[in-house]
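Here are my notes on the model you sent. Please read them with the structure open.

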Amino acid sequence: MKQKLIRKGRFLGEAILTSYSQIFFTGNKILATILLVVSFIDWWTGLSGLIAVITAVTLAEVLGYSPITLKKGLFSFNALLVGLGVGTYFSPGLEVLLLIVIGGAIAFFSTVFLMGLFAKYGLPFLSIPFLLAMWLLLLAFPSFSGIALNTEALYPSNMFFKLGGNALVVLVDGLNKYFKGTGFDTYFLSLGAIFFQFNILAGILIAIGLLIHSRINFLFSLIGFFVAFWMYSFLGMYTGSLNYTYYGFNFILSAIAIGGYFLIPSRQSFLWNLLLIPVLVVTTIGSDRLFSYVGLSVFSLPFNMVIIGILYAFKIRSNQTNSPILTVIQQKNPETNAYLYHSQPAKEYAAFTTPIRLPFMGEWTVNQGHEGKYTHKEFFKYAWDFIIKDEKSGKEYLGDGLLLSDYFCYDKPVVAPASGTVVAVVNTVEDNEIGFANVHQNWGNTVVIQHDTYLFSKLSHLKKGSIEVTIGDFVVEGQQIGKCGNSGRSPYPHLHFQLQSSAIIGGATIFWPLSEYLVGNTSNLEFVQKGIPNENETVVNIATSTILQTAFKWNPGDEFKLSTKTVDGIEDSFLVRNEIDIYNQSSLVCLETGAKLYYENNGKTFSALNYIGSKKSALFYFYRAFYKVVLSEYNDLLVKTRFPVHHLYRFPLLTLQDFLVPIKIFLKGNYSLSYKETDQLFNPQKIEMKSQIIGSNKHELFSAAITIHKNTEIDIESNTKNSIKINLKWVNRVY
């Protein structure tokens with residue numbers, strides 16, 4: 001019982017703490033602690049904010065809302081702002097305490113409502129609940145005869161003297177004089193105003209916390225504010241007005257939101273920031289004049305209006321692969337978002353989420369690709385024709401090629417490129433003699449499969465009578481649906497393959513990349529994550545290895561022993577558990593250190609998605625060794641991709657890179673995994689590999705010699721950066 005109460009107390013404490021940092025779109029505890037301290041520079045304002053947060057957290061807990069959402073502070077950060085605002089406006093008293101609780105409750109229920117409403121459009125509710133609650137309280141204030149305005153904030157010297165004596169007063173006065181007239185005084189005041197602390201000390205402390213949390217966010221806070229500062233001057237506005245309106249926080253929060261949170265930090269997000277701030281300046285000035293007629297402050301309304309508007313504009317784009325790129329999964333800070341996105345080998349095709357693979361097994365050659373020479377034109381330009389060629393002679397047939405059976409691709413199996421439902425079948429068209437084409441039945445024997453609402457694949461020119469599926473059948477990826485033939489407008493046997501948005505045989509093609517295939521021949525293969533096979537390119541669908549599939553296939557709850565041994569004979573072991581969370585994300589968890597390796601295994605490839613936690617765990621070596629594994633049976637395969645640089649470098653290089661992310665990622669991390677020939681052609685007992693990570697200036701950052709045994713044990717001999725050899729042994733299924 002006692003342990004349960006302790007766990008509950010820690011949970012609620014974390015929910016309260018992260019409410020503070022969530023205002024800056026993060027759960028960073030260091031920043032949250034600094035913000036909590038800053039809010040208490042004026043003790044009454046800080047206490048009011050804390051009471052409002054506790055109110056919202058209590059309501060969420062009593063109503064049984066999502067613990068994950070509660071822990072992130074999403075239910076309570078708007079209540080925090082309301083509490084801070086009430087404490088700033090009204091003097092201490094029991095009546096005001098009641099208003100704080102009521103304001104926190106209004107913000108909470110507004111949050112619940114807007115969270116559900118905005119989720120339909122994939123948009124954030126931001127600080128709209130705070131605006132609604134705060135405006136209601138301010139409009140109701142004239143009716144409250146027993147509540148007085150708070151004048152404490154008008155005399156900051158008295159406040160600082162009570163807090164830290166004469167020394168603190170001297171310090172704050174010195175800071176005011178040092179930054180006076182530089183623009184930074186207004187920047188710090190605007191930062192402090194986010195937490196209703198209208199003094200330079202609060203702004204400096206928040207800036208330090210922001211810098212610790214994220215160099216990108218700190219940089220964009222400066223850019224957003226000073227672009228707005230320049231705009232005020234350029235438009236003839238008195239820049240000093242920002243000192244007494246404190247609306248500068250709108251520009252700071254907006255720059256952080258667009259530059260580093262809702263968009264992947266890049267040159268494009270940087271440019272959009274430069275375009276966004278002038279719009280925000282005009283919106284702020286105009287809305288301020290409008291709200292002055294009813295005696296209200298606009299607070300963060302301009303920030304909400306512009307950010308929600310621009311995000312909606314980005315979300316309804318027809319092509320989400322164009323920059324700027326929206327952040328799909330938020331990591332611990334914008335730098336991590338950028339580094340993980342940069343490491344994606346096919347990030348230009350990230351929006352094509354449904355994987356479509358090659359519709360055959362073995363080696364085939366692209367006879368005609370996109371916008372081909374002969375028939376792939378206009379509406380049909382995004383299509384492929386595949387044939388089989390002899391590797392030595394380069395011919396596609398035996399002898400003179402006068403018979404259908406002479407052609408290597410004729411009568412070969414054609415498989416479903418992805419799971420789906422068969423929506424159209426033609427199976428009765430005669431195969432043509434060599435050199436003749438049936439122009440009346442253009443597509444010949446054909447199968448159309450629906451994979452998604454507007455995604456269909458079409459396979460044509462199949463052999464008469466070879467199709468094994470009927471309309472309405474559900475097929476899985478790799479299932480045979482027919483055989484390659486020479487029916488329809490096809491003078492020579494080949495397989496026509498295209499993606500389209502309708503079920504019509506002969507529908508217009510659409511652009512769609514193919515996923516996870518090999519390029520080359522069996523003596524020299526290279527892995528492609530997503531791509532467009534080019535004309536004359538030999539492509540191979542992945543045929544999986546039983547050894548690799550077994551070694552990387554784990555059930556939830558499986559535990560493994562990962563032991564290490566250095567050349568000095570120092571041994572250590574780590575217990576690792578395979579887990580799946582409520583979001584259906586798989587991870588390997590080091591039970592000793594708490595480190596997590598998120599991964600995906602789709603049956604064709606094993607991909608490490610992200611690593612979080614201690615780098616002292618042996619799991620970190622496993623992460624680097626097996627960042628990307630193709631579960632293929634082919635020898636001499638080479639897998640190449642980019643490795644996230646934040647897991648390779650440290651201060652000061654990584655810190656410098658953090659600041660420069662919106663301009664260029666100059667640090668390198670090129671990962672490769674090469675496969676060696678197996679010891680036996682048939683029934684091999686082990687597979688040997690070598691993984692390597694090459695950094696900037698072609699400097700080797702990591703290498704490992706790997707042996708994967710048939711009994712699922714994995715040996716990794718790793719050379720660390722300090723030239724210390726570590727032997728890791730990954731023993732599966734420890735019970």
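1. First, a caution. This is a predicted model. Treat every value below as computed from that prediction.

2. Start with helix 1. It covers residues 2–21, 20 residues in total. From first C-alpha to last, helix 1 reaches 29 Å. That is close to the 28 Å expected at 1.5 Å a residue.

3. Next, the buried positions of helix 1. Phe11 is one of them. Ala15, Ile16, Leu17, Thr18, Ser19, Tyr20 and Ser21 are buried too. The buried residues pack against helix 2 (29–39) and helix 3 (43–62). They also pack against helix 4 (67–71) and helix 5 (77–89).

4. Now go to strand 22, residues 700–709. Seven of its ten residues are buried, so the strand is mostly covered. Strand 22 pairs with strand 21 and with strand 23.

5. Look at the strand 21 side. Strand 21 spans residues 686–695 and runs antiparallel to strand 22, with nine bridges joining the two. Lysine 686 has histidine 709 of strand 22 as its bridge partner. Four residues lie between the strands of this hairpin. Asparagine 697 takes a positive phi near 60° there.

6. Then the strand 23 side. Strand 23 holds residues 714–719 and pairs with strand 22 over six bridges, again in the antiparallel sense. Alanine 705 stands opposite glutamate 717 of strand 23.

7. Last, the turn between strands 22 and 23. Which residue in this turn has a positive phi? It is threonine 712, at about 80°. This hairpin has four residues between its strands.

Note on methods: Residues numbered from 1 in each chain as written. Predicted model: local features only at pLDDT ≥ 70, side-chain atom pairs only at ≥ 80, totals over all residues. Heavy atoms only, no water. Expected span 1.5 Å × (residues − 1). Buried < 20%, exposed > 50% of the residue type's maximum accessible area, 1.4 Å probe, protein only. Contact = heavy atoms within 4.5 Å. Pairing = 2+ DSSP bridges.
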